[in-house]
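Dear colleague,

Here is the structure I promised to pass on to you. Please have it open while you read the notes that come after it.

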Amino acid sequence: MKILDAALKQQVTEALEECADKARTEVILANFGTRSPTPQECNEQVRDAQGRTLTRAMQLGNEMHRVALQCAAEKLNKLRPGGFSLEPTYLYDLDSGKVTWLSPDEVARIRQRGSLGELKGSLVPDVVLHNGNPEQVQAAYDFKFPCVDIGKRPPWRKYPPGHPYDGMSQDEVYRQAFGLHEVPQVIPYLGAGL
C-alpha cells in the first residue's frame, strides 16, 4: 500500500509540471520553431493520422499530451512505482455514486467489440495516484495545453446537453467521483493549479 504524503505529492506535482513544460516546448519547436502559433493557425482545420478533421489546436494538444504522458511515466516510475496510472478509465454512475475502474484490457475488449456505448460517460483523467490499486484514487491531475493565451488558465470543460454529466464541469465530476478536494490542471509554464 502506497502512502501519499505532502512531500511526495509536491514532488509528483513538480515532475508533472516539468513534463507539461517539456511537452509544449518540444511540440512547438518541432512545428513552429521559436515562435508560438497564431490564433488563426490554432483554428486551422487539419487531418489526423486516421483521416479525421480537427483543429490544429487539438492536433497540437494531442501531441503535447503524448509527450507529457511519456515523460510522466518515466518520472513517476522513479517517484512512485506501482502507485500511479496514466489515462485510466473509470465508469461513474452519478445516481448511485458507484465508480468502477476498467483495466486497459477491458477497455480494449469493449473497443474491439465496437461497444463504445459502454464507455459513454467514462472518466479518463490523465494521471491518477493510488495506493497500488487503481480503485483507491488518492489524487488526480489533468494536463491542459492551450494553443494561444498561454498566460492564463483555461476554464474546465463543461459537459454538453445529453451527456450523462450534462452541465457539470470535468473537474466537478472528477472530484465527486473520486472524493477528492481538488483536481489540478497541469499547464505549461503556469504549473499545477485549479
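The notes below go through a helix, a strand residue, a pocket and some salt bridges in turn.

Please keep in mind throughout that this is a predicted model.

I begin with helix H1, which covers residues 6-32. At 1.5 Å a residue, its 27 residues should span 39 Å, and the C-alpha atoms at its ends are 38 Å apart, which agrees. Several residues of H1 are buried, among them Leu-8, Val-12, Leu-16, Cys-19, Val-27, Ile-28 and Phe-32, and the list also includes Thr-13 and Arg-24. The elements that cover these buried residues include helices H2 (39-43) and H3 (56-79), together with strands S6 (127-130), S7 (137-143), S8 (185-187) and S9 (191-193). After H1 comes Gly-33, which has a positive phi, near 70°.

An α-helix has 3.6 residues a turn, so residues three or four places apart point the same way. Both partners are partly exposed, Lys-22 with a relative accessible area of 36% and Glu-26 with one of 38%.

Turning to strand S4 (residues 89-92), I looked at Thr-89. Thr-89 counts as buried because its relative accessibility is 9%, and buried means under 20%. Leaving aside residues up to four places away in sequence, Thr-89 touches Thr-100, Trp-101, Leu-102, Val-107, Leu-119, Ser-122, Leu-123 and Val-124.

The largest pocket has a volume of about 1000 Å³. Its lining is made up of 32 residues, of which Asn-62, His-65, Lys-144, Arg-157 and Gln-170 are the closest to the centre. H3, S7 and helix H5 (170-178) each supply at least two lining residues, and the largest share, five residues, comes from H3. By type, the lining divides into 17 nonpolar, eight polar and seven charged residues.

Lys-144, one of those closest to the pocket centre, also forms a salt bridge with Asp-142, at 3.2 Å from N to O. Here both partners are buried, Lys-144 at 17% relative accessibility and Asp-142 with a relative accessible area of 4%.

The count of salt bridges comes to eight. Another of them joins Arg-113 to Glu-118, with the closest N and O atoms 2.8 Å apart, and Glu-118 counts as partly exposed at 39% relative accessibility.

With best wishes

How values were computed
Residues are numbered from 1 along each chain as its sequence is written. This is a predicted model: local features need pLDDT of at least 70, side-chain atom pairs count only at pLDDT 80 or more; totals for chains, interfaces and linings use all residues. Side-chain values use heavy atoms; hydrogens and water are left out. Helices (H or I, at least four residues) and strands (E, at least two) are DSSP runs, numbered from the N terminus. The expected span of a helix is 1.5 Å times one less than its number of residues. Buried means under 20% relative accessible area, exposed over 50%, partly exposed in between (1.4 Å probe, protein chains only). Contact means heavy atoms within 4.5 Å. On a 1 Å grid over the protein atoms alone, a cavity is a set of points where a 1.4 Å probe fits but cannot get out, and a pocket is an open set with protein on both sides within 12 Å along at least five of seven lines; lining residues have an atom within 4 Å of a point. Grid points are joined across faces, edges and corners, and a volume is the space filled by probe spheres set on the points. Ala, Val, Leu, Ile, Met, Phe, Trp, Tyr, Cys and Pro count as nonpolar, Asp, Glu, Lys and Arg as charged, and the others, Gly among them, as polar. A salt bridge is a side-chain nitrogen of Lys or Arg within 4 Å of a carboxyl oxygen of Asp or Glu.
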